[in-house]
Amino acid sequence: MCLKKLPVGIENFEEFQKENFYYVDKTLFIKELLQNWGKVNLFTRPRRFGKTLNMNMLKCFFEIGSDANLFEGLTIAKEKELCEKYMGQFPVIFISLKSVDGMTFEDASAALRSVIGNEAMRFQFLLESEHLSEVERESYRRLIHVEMTSDASYAMSNAALIDSLKILSGLLEKHYAHKVILLIDEYDVPLDKAFQAGYYDKMVSLLRNLFSNALKTNDALYFAVLTGCLRISKESIFTGLNNLNVMTVSDPYFCDSFGFTDGEVKELLEYYDLEDFHDTVRKWYDGYQFGSQSVYCPWDVIKYVQILLRDREAEPENYWANTSGNDIIRTLLRKADQTTRDEIEQLINGGYIVKKIRQELTYREIEDSADNIWSVLHAAGYLTQIERLPGRRMKLTLPNREVKELFIDLVKDWFEETTLADTSRIDVFCKAFPEGDAALIQKMLNDYLWDSISVRDTAVRRNMKENFYHGMLLGLLKSRGNWKIQSNAETGEGYSDISIQMPERTGIVIELKYAHDGNLEAACKEALKQIEERKYAAGLKRRGMKKVIKYGIAFYEKECMVAMA
């Protein structure tokens, strides 16, 4: 049997049937939408959870001239009456705002013109439509006119841009004598980009006017669907829009429409003969709570399956977490007081925190307080609810191993950034190593640990804990620009954790251990024993070091012990 191809990054619904990609059937989303739709429907879900694919599926289902064969064999095809009534019955406008970006407002508004202009170009039959007047056909021409003397961008004026979706809707309704379905994917991306680049107010004004015309005063509109990561405050861009039907990750609607359920993941793994990996996939990529449903991140599952099909020994990786800058977590760490650091530590170590979640924010408000950042982390998928409490409060936890290890990596980066800023303190710490002052090293390391965030969760692998402390110590030592510092380099008859070669031909070898039972002294002895048995010092002497100092360092939560030989 020829297996279906894995849909890595495939967001065009037509390709699944035509190119024989594996499809996790989400077509009942159409039925649920038709049973629960409002005039304007907003779905907020984290990135990489299938929003764009679902929007493309809606286009393929509803649009006049669509191919019914695309849905053959899928669940929605069993709903005969629904398909007869709605499939292929509507003009559909579908735009994605994920590419509306730019260093200036002018660049971003030009990108928006291109998105809308390109969509309008799909309907060039309007130029010959007998159902439109010449004035109406001219209004269409203004939407698709390209100024060839400049950079070949769409030349519609600001006024035309603001009216563009409403104008296009009206023209399509008149041509087809059917109201229009409007799909707007990633509606909040332009606001995020604008906030980062410093033209937020201008972009808010542009989108507010565009959306107001398209969604509020548009008589040609049947219904609209918008998707995004955050629910942006009505006062920001949805002013006066009283018909907004919002479905967030907390709401008990459309719970399994985005993301993969456990049953869907099991079926996928069985199809590719990978059912033995179900427990690993669950621990790493499940745990996102949408309403009452626990779901997996589709991107993660597909990427891991792709690698497993070539290497069944492959370890899971941070696929979803590495597709973004994760700047919001860095912002939280930068703003963190001791209470916030304790809360992050509690999350990393398998616990939960209780927070009042704000469902509506403007981008300007996000960084106003740590509480607002917690709300964004919840909406963006980094935190998931385990229980709802009175007063809009929630018990929140990290959803899975992937996000936990992301937090650990970012904590290491944050610690390195903050500690290296105190140059006098770090200078004293580093000088203690060639001087053989194990007591001072131990005292200062304990102080650094107290200021940082520890990893003590029993679910985290022992080597992951050792790597955390390894990275912390390596970050402190690498401030010495004239030291040759190597990590996990071959030294002697093995690979030492950290080896240092100094210009004065003094070598230092450091072996780290995590004392899983809390016995720091025994872990130090084990580290020093490993240095001797594997002849790490001899390896440094062969490289020209006249003197070699050996350190065994043991860690347990926020404690450490340093021994020297």
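Buried denotes a relative accessible area under 20%, exposed over 50%, and partly exposed the range in between, with a 1.4 Å probe and protein chains only. Helices (H or I, at least four residues) and strands (E, at least two) are DSSP runs numbered from the N terminus. The model is predicted: local features require pLDDT of at least 70, side-chain atom pairs count only at pLDDT 80 or more, and totals for chains, interfaces and linings use all residues. Residues are numbered from 1 along each chain as its sequence is written, and side-chain values use heavy atoms, with hydrogens and water left out.

View 1. Asn372, Ile373, Trp374, Ser375, Val376, Leu377, His378 and Ala379 are buried. Gly381, which follows H17, has a positive phi near 100°.

**View 2. Ser139 in helix H6 (residues 134-144).** Ser139 has a relative accessible area of 12% and is therefore buried. Its side chain reaches the backbone oxygen of Glu136 at 2.5 Å. Beyond neighbours within four places in sequence, Ser139 is in contact (heavy atoms within 4.5 Å) with Ile167 and Leu171.

**View 3. Gln486 in strand E11 (residues 484-491).** Gln486 counts as partly exposed because its relative accessibility is 23%. Apart from neighbours within four places in sequence, Gln486 is in contact with Asp497, Ile498, Ser499, Gln501 and Arg543.

Terms used: A polar contact is a pair of N or O atoms within 3.5 Å; within protein, one must be able to donate a hydrogen and the other to accept it, and residues adjacent in sequence count only if both atoms are side-chain atoms.
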